[in-house]
Amino acid sequence: MIAIETKQLKKSYGSVPIVKGIDLIVEKGEIFGFLGRNGAGKSTFINILTDIIQPSFGTYSLLGVEGPNDQVKKRVGVMPDYSTLYGSLTAMEHLKYLSALSGKPAGKEWCLEVLKLVGLESHARKKVAKFSFGMKKKLGIALAIIHDPELLFLDEPTSGLDAESAIHIHKLIRGLQKRGKTIFMTSHNLAEVEKLCTRIAIMKEGQIVKSGTMDELRDFYRSTIKVKIKHSPVPKSEQLNLHQWLESAGTDLEMNDPYVTITVNDEKRIAEIIRAFQQCRADVLRVEVEEPSLEDIFLDE
Amino acid sequence: MYVIGKREFISLFKGIKSCIVIAILLITSYYSAKFADFLISGIELSAKEAENIHTFGLLGLLLFLGQLFIAGLSHDTINQETHERTMRFLVTRTSRTSILLGKFFGIWMFWFSCLTVSFLLTSIFAQKIDFFIFSQTISLVTIQISFTILLSVLIPKPGFTMFLGIVFGLAFPILGFWVVFTSNVWVSWMKFFTPFYYLERDDFTFIVIFILSGVILFFANFIFKRREC
């Protein structure tokens with residue numbers, strides 16, 4: 001089942017294109033991570049899908065219904081990127097007001113339950129004007145889930161939160177996924193996306209330049225595998241041969257006894273390197289293969 | 001729509017500005033009704049006007065200052081939420097038409113309640129409630145509320161709508177009455193677009209004011225649907 005589908009979605013301001021024709025499919029039950037530098041168009045893309053702004057071109061559907069659709073809104077939870085809250089209302093009043101607006105008025109007990117989920121249960125009757133940035137973020141998440149939506153849009157859910165709160169929110173997001181919810185999130189925290197998301201898309205200058213599961217992205221980038229080898233001393237007579245062979249086998253060669261670091265473009269090369277050491281009468285004591293991290297992939301893009 | 005309307009209605013009773021406006025309405029109603037006999041003796045009035053003298057003060061107040069009062073209280077009903085981005089929470093949960101109509105009915109209910117109390121107050125002195133004038137008064141505030149909402153949709157900055165609310169609030173009655181009573185053919189056609197022309201007549205043509213309000217709201221909704229929040 002498809003939760004989100006966009007076809008050639010575009011947004012321009014005057015002659016400046018911000019989102020340049022995005023085709024995307026997010027399946028139900030996924031945690032989809034949307035990455036990109038500041039100004040890449042991530043928030044604009046989310047804002048189109050959540051009816052905050054209108055697209056210049058293209059179509060989209062949420063939960064199988066073409067958008068914008070007011071009935072589907074009741075099945076979708078949104079946490080916008082800004083702390084857009086009413087300073088004069090308490091956390092509890094926020095939850096009651098916005099859940100009623102979604103057509104599912106929340107009772108006091110459910111409101112307290114949701115506040116507990118985000119760690120704000122002791123601030124239920126506090127005016128939001130007195131909330132810290134992190135508390136507003138947490139309340140933003142509570143507001144997004146108060147009406148038990150099927151699809152959640154979270155724009156940088158943990159930015160500005162302390163480590164403990166961020167871990168708490170990660171657990172909450174995973175818990176929501178286990179309950180069958182689909183989560184579409186943006187983040188600047190690459191480790192967070194790598195840890196949480198089932199699929200990832202990288203956006204650059206209004207376009208998706210890469211998308212897939214973490215393994216798919218890694219496979220794509222396995223052309224550059226960094227290998228670190230610990231070896232026994234190489235006989236002097238073989239050192240030049242080994243050096244010449246290693247230079248031809250890969251790039252970024254660094255030889256600091258007893259370690260050799262080399263970047264190769266094929267996994268099969270690793271076995272060849274081990275054999276080369278053996279032929280030069282040196283034992284390979286340890287091999288460390290550095291998988292490309294999301295950071296490597298992101299920076300490369 | 002109901003949820004937004006209820007919140008708007010309740011929040012209007014909370015501010016100090018609202019308390020002042022309610023006080024002005026009630027004081028005007030009370031004293032114009034109390035001194036109605038004194039007014040009849042002091043100024044020349046037609047039989048019909050003399051009959052309705054108890055509500056004269058209230059209707060006069062709203063004809064000349066109604067737009068100013070309504071703009072003063074509700075000039076930022078839409079653009080404040082857009083400016084502070086709380087509108088984002090609303091548009092992601094319900095339709096823009098529901099938001100706009102909710103705001104409209106919240107403000108309308110506030111004025112309906114205030115005017116009902118004011119008319120009940122005057123009825124103590126007049127010993128009757130004139131439903132015709134009450135309906136005319138409601139039609140007047142309806143178009144004034146619609147116009148205020150249109151301004152709030154058209155102009156994104158709340159500070160500027162406050163300024164424009166004052167300018168229009170003062171200029172509209174003057175210009176409105178001028179186009180109604182002028183013999184200048186170049187401007188007199190405009191009278192059909194002002195509520196004053198329909199209120200000046202003693203028949204049910206004031207119903208046209210409700211239609212004009214609907215047109216203004218339709219236009220405001222058309223723009224609001226295309227606005228970014």
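Predicted model: local features only at pLDDT ≥ 70, side-chain atom pairs only at ≥ 80, totals over all residues.

Student: Okay, so is the crossing of helix 8 and helix 13 of chain B left-handed or right-handed?

Tutor: Right-handed: that is how helix 8 of chain B passes helix 13 of chain B. Helix 8 covers residues 96-126 and helix 13 covers residues 207-226, and they pack with their axes 9 Å apart at an angle of about 135 degrees. The two helices are therefore oblique to each other.

Student: Which residues make the contact?

Tutor: Helix 8 of chain B brings Arg96(B), Thr97(B), Leu100(B) and Phe104(B). From helix 13 of chain B come Leu217(B), Ala220(B), Asn221(B), Phe224(B) and Lys225(B).

Student: What domains is chain A divided into?

Tutor: Domain 1 runs over 2-219 and domain 2 over 223-300. Their C-alpha centres are 43 Å apart.

Student: Now the sheets. What's the order in the open sheet of four strands?

Tutor: The order is 2-1-4-5 in chain A, and the pairing is antiparallel. Strand 2 (16-27) and strand 5 (65-66) of chain A are at the edges with a single partner strand each, so one side of each has no neighbour in the sheet.

Student: How many bridges do strand 1 and strand 2 of chain A pair over?

Tutor: Nine, in the antiparallel sense, with strand 1 of chain A covering residues 2-13. If you want a pair to look for, Tyr13(A) stands opposite Val16(A) in strand 2 of chain A.

Student: And what lies across strand 1, strand 2 and strand 4 of chain A?

Tutor: Helix 1 of chain A, residues 42-49, which runs at about 65 degrees to strand 2 of chain A.

Student: There's a sheet of six strands too. What's the order there?

Tutor: That open sheet goes 6-7-8-3-9-10 in chain A, with mixed pairing. Strand 6 (76-79) and strand 10 (207-212) of chain A are the edge strands, pairing on one side only. From one strand to the next, the twist averages 15 degrees.

Student: So which way do strand 3 and strand 8 of chain A run, parallel or antiparallel?

Tutor: Parallel: four bridges join strand 3 (residues 31-36) to strand 8 (residues 182-186) of chain A. Within that pairing, Phe32(A) stands opposite Phe184(A) in strand 8 of chain A. Helix 1 of chain A packs on this sheet as well, touching strand 3, strand 7 (151-155), strand 8 and strand 9 (199-204) of chain A. Helix 6 of chain A (residues 163-178) also packs on the sheet, touching strand 3, strand 7 and strand 8 of chain A.

Student: What about strand 3 and strand 9 of chain A, how many bridges do they have?

Tutor: Five, and they pair in the parallel sense. Gly36(A) stands opposite Met203(A) in strand 9 of chain A. Another five bridges join strand 9 to strand 10 of chain A, but that pair runs antiparallel. Here Ala201(A) has Ser211(A) in strand 10 of chain A as its bridge partner. Strand 9 and strand 10 of chain A form a hairpin with two residues between them, and Glu205(A) in the turn has a positive phi of about 45 degrees.

Student: Back to helices. At what angle do helix 3 and helix 5 of chain A pack?

Tutor: About 30 degrees, with their axes 9 Å apart; helix 3 is residues 91-101 and helix 5 is residues 133-145 of chain A. Angles under 35 degrees count as roughly parallel, so helix 3 of chain A is roughly parallel to helix 5 of chain A. Among the residues in contact are Leu95(A) of helix 3 and Leu139(A) of helix 5 of chain A.

Student: Last one: how many residues does the contact take from chain A and from chain B?

Tutor: There are 19 residues from chain A and 15 residues from chain B. On the chain A side, helix 2 (70-73) and helix 3 of chain A are the elements that give two or more residues. Helix 3 of chain A gives the largest share of that side, four residues.

Technical notes:
Residues numbered from 1 in each chain as written. Chains lettered and ligands numbered in written order. Domains from an automatic or database assignment. Pairing = 2+ DSSP bridges. Contact = placed C-beta atoms within 7 Å. Axes fitted to C-alpha atoms, helices over the stretch in contact; angles between N-to-C directions. Parallel < 35°, antiparallel > 145°, perpendicular 65-115°, else oblique. Left-handed = near helix turned anticlockwise from the far one by under 90°.
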